[in-house]
Amino acid sequence: MAEQEKEQTLAERFRVLDSRRQYRVDVARKCASLTIPSVLPPRDWTENQVLPQPYSSIASRGVTAMASRMLSALMPLNDSPFFKFSLKNGAEPTPEIKSYLETLSYQVYNKIVNNNLREMVFQALQHLIVVGDVLVMMDDDFNLRNLRIDHYVVQRNVSGQLIELIHLEHYPIDPDDLSYTQTSSVISKPGYKTIYCQYELEEDEKTWKARKEDEDGNLFMEGEYSVLPTIPLRWYSIIGENYGRSHCEDNLGDLISLENYTQAHIEGMAASSTFWIGVDPSGLTEIDDISSATNGTFIPARTNDIFCLSPAQTLSPQISSTSAAVSEMRREVAEAFLMTSGAIPSGDRVTATAVRMIGSELETVLGGAFSAIARDLMEPIVKRAVFIMLNNGDMDERMYEQFFEKDGTLSVEIVTGLQALSRDSDLQKLMQMGEMVRNLPPQALQTFRWDSYSRALISSLGFDPRMWVKSEEEVTQQQQMMQQQMMQQQAQQKTGAALTDGVINTAAAAAEQDLQQTGGQGIAQMAQQLGIDPQQIAQQLGGQV
């Protein structure tokens with residue numbers, strides 16, 4: 001059996017693995033049809049066909065809102081890296097190493113954030129929420145692109161580790177003719193050559209064997225990778241399964257109910273809005289007189305002969321019950337997708353504490369999924385960026401051993417997490433903390449970390465703390481400079497006082513001599529020349545002047 005699998009071409013291997021997961025793809029397409037159909041179009045769909053549109057848009061808005069909220073938590077808009085480099089042994093690095101690692105993290109962050117990182121991460125989050133799986137690829141120019149689930153297949157071991165991946169690539173046959181014609185397959189496209197790209201984990205679990213073939217099994221490329229350019233992601237991982245489960249699949253019952261109720265509500269309102277004008281066939285009023293008369297003219301008619309036919313009154317109870325069901329399901333779906341505005345109850349007795357409790361409860365929905373995505377998506381992106389920078393010579397080549405060797409000392413740590421989901425309320429909490437700290441006794445104020453508080457406060461506003469908060473080294477240098485200035489001022493004051501005393505003593509001796517010779521006539525003129533008050537000379541002479 002193993003030899004038979006080895007003889008398979010990559011195209012045959014892809015079709016075999018694809019046939020084993022058709023149920024998963026069908027469920028994913030059902031979830032996409034109820035939320036955002038463009039995430040995973042129906043089978044045999046082409047660009048020239050219209051996508052199915054759901055009756056309710058609340059699920060689509062929920063997916064967009066959840067993806068946006070997760071994106072802001074993974075990549076905050078404060079120009080600070082969402083990761084940091086730390087020591088694998090957990091020890092605290094020295095100030096010099098810490099400063100170097102911080103500078104290195106900003107260098108890597110500036111390299112990847114200037115491309116389409118945010119856009120592709122947002123699209124990947126949408127795929128994960130709706131479908132449950134997505135393949136993220138980082139090219140050598142740091143650009144990212146996403147492949148939907150029907151363009152790749154994976155194999156994982158029992159622990160969930162990736163051991164095989166095959167994805168599709170399409171290369172134009174004629175670069176001057178890029179015309180796209182209608183086709184009913186995601187595998188083949190007229191005008192393009194389909195290439196099957198396979199990555200297999202070697203037995204040493206350190207390198208990946210890469211192989212690319214065309215549809216006929218002709219070798220296109222062969223080599224090895226130490227860091228994969230592909231990142232297969234899952235929303236929820238199930239033990240023993242190759243693919244994940246999406247958030248929409250977990251709430252598929254609510255989505256189907258909302259869709260059915262919304263469809264019934266819309267059709268009921270459309271039916272209740274119809275009406276007809278009835279005329280008694282045995283009456284005196286003629287239908288032709290009514291239908292041919294213009295508005296405002298006189299016609300021969302009797303009131304009892306003319307009446308209005310409409311199912312509005314008959315359908316009113318059904319429409320009311322359907323409307324209540326739609327409102328209930330919209331609220332349930334809004335809670336499932338963290339749309340807190342739809343989950344907050346209406347009424348005069350709704351307090352701010354109740355609103356905060358609802359928001360805190362909703363954030364726990366993303367507990368396990370968010371942590372897994374932050375680890376499985378952002379960390380490989382950073383490692384891939386470091387690997388590309390090392391190959392391009394943008395970093396010291398010795399850093400390769402520290403990052404990728406088994407005995408390396410550095411690791412990537414994602415600093416954004418579940419707490420970042422409540423970033424909107426961080427500022428309010430920090431302000432409350434500041435008010436509480438001001439009421440603490442002086443002994444407790446001395447132990448409070450004001451520098452950490454100021455950094456957290458500025459970060460919650462979306463600014464870079466480095467532009468506003470002084471480092472410990474800067475504060476120490478300023479304190480030393482102030483001490484030196486105070487010491488210089490004190491020394492100058494002492495020197496000035498000593499010089500003044502010497503001048504007064506000298507002037508007093510000359511004044512005493514002048515007092516004996518001329519009776520003190522030249523004392524005032526001598527004091528004026530020296531810039532001294534004559535009274536000081538008089539005090540020195542004991543009041544003889």
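This is a working chat about a predicted model.

User: What are the ground rules for this predicted model?
Analyst: Local features need pLDDT of at least 70, side-chain atom pairs count only at pLDDT 80 or more, and totals for chains, interfaces and linings use all residues. Residues are numbered from 1 along each chain as its sequence is written, and side-chain values use heavy atoms, with hydrogens and water left out.

User: How many helices and strands does the chain have?
Analyst: The chain has 20 helices and twelve strands. Both are DSSP runs numbered from the N terminus: helices are H or I with at least four residues, strands are E with at least two.

User: What share of the chain is buried?
Analyst: Of the 545 residues, 37% count as buried. Buried means under 20% relative accessible area, exposed means over 50%, and partly exposed is in between, with a 1.4 Å probe and protein chains only.

User: And what share of the contacts comes from residues 24 or more positions apart?
Analyst: They make up 66% of the contacts in the chain with a separation of 6 or more. A contact means heavy atoms within 4.5 Å.

User: Which residues touch the most other members of the largest nonpolar core?
Analyst: Phe82, Phe83, Phe85 and Phe337, in a core of 97 residues. Helix α13 (residues 367-392) gives the most to this core, with 13 residues. Such a core is a set of buried Ala, Val, Leu, Ile, Met, Phe, Trp, Tyr and Cys residues joined through side-chain atoms within 4.5 Å.

User: What does Phe83 touch?
Analyst: Residues up to four places away in sequence are not counted. Phe83 then touches Ser105, Val108, Tyr109, Ile112, Val382, Val412, Glu413, Ile414 and Val415.

User: New topic. How do α8 and α10 pack?
Analyst: Helix α8 (residues 252-272) and helix α10 (residues 312-336) pack at about 150°, with axes 9 Å apart. Axes are lines fitted to C-alpha atoms, for helices over the stretch in contact, and angles run from 0 to 180 degrees between N-to-C directions. α8 and α10 are therefore roughly antiparallel. The cut-offs: under 35 degrees is roughly parallel, over 145 roughly antiparallel, 65 to 115 roughly perpendicular, and the rest oblique.

User: What classes of residue make up the contact of α8 with α10?
Analyst: It has 13 nonpolar, seven polar and three charged residues. Ala, Val, Leu, Ile, Met, Phe, Trp, Tyr, Cys and Pro count as nonpolar, Asp, Glu, Lys and Arg as charged, and the others, Gly among them, as polar. On the α8 side, Leu255, Leu258 and Tyr261 are among them; α10 residues include Leu315, Ile319 and Val326.

User: Where is Ser321, and how exposed?
Analyst: Ser321 is in helix α10. Its 47% relative accessibility makes Ser321 partly exposed. The C-alpha atoms of Ser321 and His265 are separated by 9.2 Å, and the two residues are 56 apart along the chain.

User: At what angle do α4 and α6 cross?
Analyst: Roughly 130°, for helix α4 (residues 58-74) and helix α6 (residues 117-130), with axes that come within 9 Å. That makes α4 oblique to α6. Their contact divides into eleven nonpolar, three polar and one charged.

User: What about the phi of Phe142?
Analyst: Phe142 has a positive phi of about 70° although it is not a glycine. Most residues other than glycine have a negative phi. Phe142 sits in the loop between β2 (133-138) and β3 (144-147).

User: Is Phe142 buried or exposed?
Analyst: Buried, at 5% relative accessibility.

User: Last one: where does Gln155 lie?
Analyst: In strand β4 (residues 152-156). Gln155 counts as buried at 17% relative accessibility. Beyond its neighbours within four places in sequence, the contacts of Gln155 include Arg13, Leu17, Arg20 and Asn242.
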